[in-house]
Amino acid sequence: MPELPEVEALAKHLRDHAVGRMVARVDVASMSVLKTADPLWTALHGREVTDAVRHGKYLDLDCGGLHLVCHLAKAGWLRWSDKLSATPPKPGRGPIALRVHLGGVGFDLTEAGTQKSLAAWIVEDPAEVPGIARLGPDALEADADGFAALLEGRTERIKTVLTEQSTIAGIGNAYSDEILHAAKLSPFATAGKLDAAAVTRLHGYVQEILRDAVDRSLRQDAARLKAEKRSGMRVHGRTGLPCPVCGDAVREVSFADRSMQYCPTCQTGGKQLADRRMSRLLK
Ligand SMILES: [Zn+2]
């Protein structure tokens with residue numbers, strides 16, 4: 001799933017390549033992707049792209065005051081093409097949900113797999129998108145004191161709080177694994193009970209890991225962002241492989257509807273975390 005760094009890089013790619021071009025046509029191959037009915041997507045036709053920005057993990061293409069906003073969800077992606085096919089994609093078939101023609105070039109919004117959660121909105125104000133209206137401060141903009149205030153009194157696990165977009169915007173499952181590993185904190189630690197030193201450390205790594213990933217992503221071609229994200233990971237998606245810091249095997253644990261990776265030696269004092277999903281079922 002694209003998180004803050006990848007969405008930032010996609011927005012930058014659109015600023016460099018789409019701004020100044022005219023939307024020739026938008027093809028909607030999957031109607032379920034569009035979460036707004038009015039205005040129609042055809043309202044974008046003939047408009048000039050004036051900006052592209054990121055709100056948390058949402059991508060916002062500003063077409064002269066009318067915005068095409070999208071959330072790429074778990075398996076969605078934006079595929080830019082310098083030679084976009086003029087043919088509309090076949091509805092209901094294949095991964096392409098939406099195609100935006102920008103005069104010879106353009107992009108597809110695609111989604112792999114059967115679980116469809118890619119979403120797009122056409123709005124005059126991005127704040128009309130409920131998920132954007134609810135966003136907490138951007139992860140890159142929260143200063144140390146502001147960050148500490150977000151965690152105060154929170155009884156949830158730190159993994160949950162870090163990935164909750166209404167608390168802090170932009171961090172998902174992958175980068176939260178990386179941040180917690182760098183900060184040597186258990187994903188199951190109670191957010192509000194972290195001591196001041198741990199909170200300061202955590203804030204530092206939120207900044208460092210995300211800024212590093214943004215820098216790396218910006219140097220990549222949009223087409224290679226996915227691979228770049230994966231290659232930069234130390235624990236996320238690396239179950240069974242050695243931790244690059246201490247050599248212990250990276251472990252996986254399930255919690256709620258996701259699985260996360262961590263290093264026992266670096267993060268939990270050597271303890272293996274119990275699979276919360278299973279233990280709840282067994283109770
Ligand atoms: Zn380790």
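Guide: Histidine 71, in this predicted model, is in contact with Met1, Lys57, Tyr58, Leu118, Ala119 and Trp121, leaving aside its neighbours within four places in sequence. The residue lies in strand 4. Histidine 71 counts as buried because its relative accessibility is 18%, and buried means under 20%.

Leaving aside its neighbours within four places in sequence, phenylalanine 107 is in contact with Leu14, Leu61, Leu68, Leu78, Arg79, Trp80, Leu84, Leu98, Arg99, Val100 and Leu102.

Next, the cysteines. The structure holds zero disulfides. Cysteine 70 is in none, and the nearest cysteine sulfur, that of cysteine 63, is 11 Å away. Cysteine 70 is buried, with a relative accessible area of 5%, whereas cysteine 246 is partly exposed at 35%.

On the scale of the whole chain, the domain assignment gives domain 1 as residues 4–133 and domain 2 as residues 144–267. Their C-alpha centres lie 28 Å apart. Eleven residues from domain 1 and 15 residues from domain 2 take part in the contact. About 1,200 Å² is buried between the two domains, and carbon and sulfur atoms give 74% of this area. On the domain 1 side, Pro5, Glu6 and Trp77 lose the most area to domain 2, together 41% of what that side buries.

Helix 5 (residues 173–182) is mostly covered, with ten of its ten residues buried. The buried residues include Asn173, Asp177, Glu178 and His181, along with Ile179 and Leu180. The cover over the buried residues of helix 5 includes helix 1, helix 4 (158–162), helix 6 (196–219), helix 7 (225–231), strand 10 (258–262) and helix 8 (264–267). After helix 5 comes lysine 184, whose phi is positive, near 55 degrees.

Two annotated spans can be set beside this picture. UniProt, in an unreviewed entry, lists residues 2–93 as "domain: Formamidopyrimidine-DNA glycosylase catalytic". Over residues 2–93 the chain is 15% helix and 29% strand, with end C-alpha atoms 23 Å apart. The UniProt feature "domain: FPG-type", also from an unreviewed entry, is placed at residues 234–268. That span, residues 234–268, is 11% helix and 29% strand, and its end C-alpha atoms lie 16 Å apart.

Terms used:
Residues numbered from 1 in each chain as written. Predicted model: local features only at pLDDT ≥ 70, side-chain atom pairs only at ≥ 80, totals over all residues. Heavy atoms only, no water. UniProt positions renumbered as here; feature names shortened; annotations may be inferred. Helix = DSSP H or I, 4+ residues; strand = E, 2+ residues; numbered from the N terminus. Disulfide = S-S within 2.5 Å. Buried < 20%, exposed > 50% of the residue type's maximum accessible area, 1.4 Å probe, protein only. Contact = heavy atoms within 4.5 Å. Domains from an automatic or database assignment. Buried area = accessible area lost by both parts, 1.4 Å probe.
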